[in-house]
Amino acid sequence: MLIGPYVNGTAVVVGGLLGALAGRMLPERVRTALPLTFGLCSVGLGIKLVIEVKYMPAVVLAMVIGAVLGELFYVEKGIGKAAGLTRGIVNRFLPPIKGLTHEEFTEKFVAILVLFCASGTGIFGAMHEGMTGDPSILYIKTVLDLFTSAIFATMLGYAVMTIAIPQVILQVLLAMLAVVILPMTTPDMMADFSCAGGLIMIATGLRICNIKLFPVANMLPGLFLVMPFSHLWASLVA
């Protein structure tokens, strides 16, 4: 029986609720500083994951082709539309958080959606639990997500809680597929997968800090390509 995805999703809901409630009481300078701090942490964790790479050319090729596919299929644009719809629905039932334009909200919502749903910790943790029944990796992510969702909810409001829905769905699907996927992977493939996730986390952190608005959602197809590319590179080139 899966436990980790539901515990992780619950943490996002609770953290989002607490952050949205506390947001009104926090000074503006605190609400501005906290996301910047987490953006920096995202960059640091991404760098750590990138260092573990085995076949960097395979990762680069997967990310480039993945980004092209993301652009062609307008992945980020579609997520942005869903984010705007989510904000409208949530604001009908709960007090809206003021001070952000629609464009600013969409930019930040897409960034944290990728951060929560596409992190290497979450994806590998779900696969690990599906294969072994051990939810410990997702428990670690749960603690991080509790505080992270609270931080961003001070700025984006109750809409942050809705991220739990795609997060849980993705983790459950990955856990169910893990029995098929994990036996076919190697440590080198996992290292390259972590590197791809790390690159996305670096881009996400820079976007959260408003340093560079990378189209992080359009990079996501690269995550699905990197393991096959890593395997082919190891078999045909390395």
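Mentor: A disulfide is a pair of cysteine sulfur atoms within 2.5 Å. In general terms, a disulfide is a covalent bond between the sulfur atoms of two cysteines. The model here is a predicted one, and it holds zero disulfides.

Take Cys 209 to begin with. Cys 209 has a relative accessible area of 18%, so it is buried; the cut-off for buried is under 20%.

With a relative accessibility of 14%, Cys 117 counts as buried.

Cys 117 brings us to helix α5, which covers residues 102-117. This helix has 16 residues, and the distance from its first C-alpha to its last is 22 Å, close to the 22 Å expected at 1.5 Å a residue. Of the 16 residues, 12 are buried, so α5 is largely enclosed by the rest of the structure. Among the buried ones are Phe 105, Phe 109, Val 110, Ala 111 and Phe 116, along with Cys 117 itself.

Two of those residues, Val 110 and Ala 111, are touched by Arg 207. Arg 207 lies in helix α9, made up of residues 187-208. Its relative accessible area is 4%, so Arg 207 is buried. Other residues that Arg 207 touches include Glu 107, Lys 212, Phe 214 and Pro 215, leaving aside residues up to four places away in sequence. Glu 76 is also on that list, and the side chains of Arg 207 and Glu 76 are joined by a polar contact of 2.8 Å.

A word on confidence is in order. The protein chain has a mean pLDDT of 86, and 97% of its residues reach 70 or more. Within the chain, confidence is lowest in helix α4 (residues 75-93), with a mean of 77, and highest in helix α3 (residues 56-72), at 96.

For a residue that is not buried, look at Ala 33, which counts as partly exposed at 36% relative accessibility. Ala 33 is part of helix α2, residues 28-51.

Terms used
Residues numbered from 1 in each chain as written. Predicted model: local features only at pLDDT ≥ 70, side-chain atom pairs only at ≥ 80, totals over all residues. Heavy atoms only, no water. Helix = DSSP H or I, 4+ residues; strand = E, 2+ residues; numbered from the N terminus. Buried < 20%, exposed > 50% of the residue type's maximum accessible area, 1.4 Å probe, protein only. Polar contact = N/O pair within 3.5 Å; in protein donor to acceptor, adjacent residues only side chain to side chain. Contact = heavy atoms within 4.5 Å. Expected span 1.5 Å × (residues − 1). pLDDT = per-residue confidence, 0-100.
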